[in-house]
Amino acid sequence: GVGSVQTLLSTVRRRGANWRDQEESYATYELTETAEDLLEFLSPTEQKPFARQISNVLEVFSAFQPHVIGPYGGQPLVNAEGQSQLLTLAALRPSRKHLLIPRGVGLPDDIVKLALLCEMSPLREIPVELHVLGAKQAGKLRIADPLKSFVRVVEKRLKWSARFHEDNDELADAVRTADYPPYFFCVKDKRALPTSLLTAVAKRGGYVYEGLPSDALSLFRALTSTQAWTVACTEAQVEEARGALRDAWETTALREEPHGAPELVHPPPRADVGGGFSAGFGDDKDWADLSDDESSSSDEEDAKAPAGGKTPEKKAS
């Protein structure tokens, strides 16, 4: 909503990658056992960079931990003097997510990455609904690895709900009867989706997001929403109400097993290779120790030269 951290960050982007990234210190979080298993579904070249991206996202989470705001004045008290005191906590909440795997498509990397982000999220995540099209043939479920193994992992460990549909019309019917507005993530090209499905999503108040953001701030915005938790109390109950909000945040909004403290990595300093102000000078001589009285080789050559600045020619013998 207006004024939420997600809205305020909508225009913020991290600068593009450059050589300074090699000199920046960064935090690394230990992956859970489930996250390590999910990471194996990515190609070897993707695994290490995305593991670091997960740590970057967790650092953004830690930077925007909510705090209790208040107290501030509320409505007048009934049958008493004064007014109620209000305290608010802008709680981070996970967004409800739907994923779609079209007919004939294997296991997209973006869906694997989203599963990793959900597993490593510091919030108590809402189980994702994974929709797979065209997986049923002759009344039997037919999916092959790696998708088959992935579905097994996310259903068992992340408590995702995998739903298999014959075609887009069946999927559209499921969207129309959804309990909550359906937000589809990681869609490759929403223009390729049938109009009936897009209409069903819009009528239920949902949205279709293409792809998955590549920077930590945008990922944080996509994965979260903000809820205002507000309590009313008397002036004598302010500290009690403050503690109740904090307890509710820690016991209902955060994951049951919190992550350990991250390890801070300090890259070694870059060595100058060619160029620079020190290039070509290999000694440690202090230039302040030089005296004007000391002569150089060029001074001696000038002294030997005849007047007029001309050097006499050598005669052939």
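Modeller: His-165 sits in strand S8, which covers residues 161-165. This is a predicted model, so keep that in mind throughout. The histidine counts as buried because its relative accessible area is 3%, under the 20% cut-off.

Now step back from S8 into the loop that links it to H5, where you'll find Lys-159. Lys-159 is exposed, with a relative accessible area of 56%, whereas His-165 is buried.

Keep going back and you pass through helix H5 (147-157) to Pro-146, which lies in the loop between strand S7 (140-141) and that helix. The peptide bond leading from Asp-145 into Pro-146 is cis, with omega near 10 degrees. Pro-71 has its place in strand S2, residues 68-76, while Pro-146 is in a loop.

Back to positive phi for a moment. Cys-186, in strand S9 (residues 183-187), has a phi near 65 degrees, and this is a residue other than glycine. So what about a disulfide for this cysteine? A search of the whole structure turns up zero disulfides. Cys-118 has its closest cysteine sulfur in Cys-186, but the gap is 9.1 Å, so it is too far for a bond. Look from the other end and the story holds: Cys-186 is in no disulfide, and its nearest cysteine sulfur is that of Cys-118, 9.1 Å away. For scale, the sulfur atoms would have to be within 2.5 Å to count as a disulfide. As for cover, Cys-118 is buried at 8% relative accessible area, and Cys-186 is buried, with a relative accessible area of 8%.

Val-68 is 175 residues from Gly-243 in sequence, but their C-alpha atoms are 9.1 Å apart. Gly-243 belongs to helix H9, residues 238-253, and it comes out as partly exposed, at 24% relative accessible area.

One last stop, out on the surface. Glu-30, Glu-33, Glu-36 and Glu-40 form a negative patch there. Glu-30 has its place in the loop running between strand S1 (26-28) and helix H2 (33-39), and it is exposed, with a relative accessible area of 69%.

Key:
Residues are numbered from 1 along each chain as its sequence is written. This is a predicted model: local features need pLDDT of at least 70, side-chain atom pairs count only at pLDDT 80 or more; totals for chains, interfaces and linings use all residues. Side-chain values use heavy atoms; hydrogens and water are left out. Buried means under 20% relative accessible area, exposed over 50%, partly exposed in between (1.4 Å probe, protein chains only). Patches are made of residues with over 30% relative accessible area and no salt bridge: like charges are joined within 9 Å, nonpolar side chains (Val, Leu, Ile, Met, Phe, Trp, Tyr) within 5 Å. Accessible areas come from the Shrake-Rupley method with a 1.4 Å probe; for residues, only the protein chains shown count as cover. A salt bridge is a side-chain nitrogen of Lys or Arg within 4 Å of a carboxyl oxygen of Asp or Glu. Lys and Arg count as positive and Asp and Glu as negative; His and the chain ends are not counted. The place of a charge is taken as NZ of Lys, CZ of Arg, CG of Asp or CD of Glu. Helices (H or I, at least four residues) and strands (E, at least two) are DSSP runs, numbered from the N terminus.
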